[in-house]
Amino acid sequence: MRYRIAAAVMIAALVVAANARAAETRCGWIENPTPANWWLEDAENTWTIMTQGDNAGEVEGMELISDISEHDYVKTNGNYGYACACMSVETDGKDHRITRILSFRQLPLAKCRADKALKFPG
């Protein structure tokens with residue numbers, strides 16, 4: 001009986017682990033050019049966080065992105081612009097969309113400017 005319970009617990013843990021998405025660390029330009037439009041451009045891709053009028057709605061964890069204009073940031077359009085950041089995220093694995101934000105850390109602009117693998121934002 002004890003072995004059956006242990007086996008059931010192990011199987012349940014494996015099922016949960018198989019269905020969980022792995023967190024990815026993505027670093028690059030966090031861009032917010034206009035209201036409700038956000039994406040992250042790293043060395044691999046442009047990752048959509050949200051777009052105005054998108055039916056997907058706000059991404060879980062969006063509140064973790066602090067006001068980027070309070071730190072090292074480039075203003076491009078009124079109160080909008082871009083900054084350098086690292087994020088721990090989950091992605092959809094196919095459409096280059098960030099589906100969940102687990103953490104956000106804004107970095108000095110010089111960090112992204114020095115990274116030759118990053119394209120200049122805009």
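Good morning. Both Cys-84 and Cys-112 are buried, where buried means under 20% relative accessible area, exposed means over 50%, and partly exposed lies in between, with a 1.4 Å probe and protein chains only. I begin with these cysteines and then turn to the whole chain.

The structure is a predicted model, in which local features need pLDDT of at least 70, side-chain atom pairs count only at pLDDT 80 or more, and totals for chains, interfaces and linings use all residues. Residues are numbered from 1 along each chain as its sequence is written, and side-chain values use heavy atoms, with hydrogens and water left out.

Cys-84 and Cys-112 form a disulfide, and their sulfur atoms are 2.0 Å apart; the term refers to a pair of cysteine sulfur atoms within 2.5 Å. Cys-84 belongs to strand E5 and Cys-112 to helix H2, residues 109-114, so this pair links distant parts of the chain, 28 residues apart. Here helices (H or I, at least four residues) and strands (E, at least two) are DSSP runs, numbered from the N terminus. The link of Cys-84 and Cys-112 is right-handed, with 80 degrees about the S-S bond.

How many disulfides does the structure hold? There are two disulfides. In the other pair, Cys-27 and Cys-86 have their sulfur atoms 1.9 Å apart. This link is also right-handed, at 110 degrees about the S-S bond. Because Cys-27 lies in strand E1, residues 24-32, and Cys-86 in strand E5, residues 80-91, the pair ties together parts that are 59 residues apart in sequence.

Is Cys-86 buried or exposed? Cys-86 is buried, with a relative accessible area of 11%, whereas Cys-27 counts as partly exposed at 32% relative accessibility. With bonded cysteines counted along the chain, the disulfides follow the pattern 1-3, 2-4.

I now turn to the chain as a whole. The protein has two helices and six strands. Along the sequence, these elements follow the pattern α-β-β-β-β-β-β-α.

The protein has 122 residues, of which 34% count as buried. Its accessible surface comes to about 7,800 Å², and 54% of that belongs to carbon and sulfur atoms; such areas come from the Shrake-Rupley method with a 1.4 Å probe, and for residues only the protein chains shown count as cover.

Finally, let us consider contacts, meaning heavy atoms within 4.5 Å. Among contacts between residues at least 6 apart in sequence, 57% join residues at least 24 apart. Thank you for your attention.
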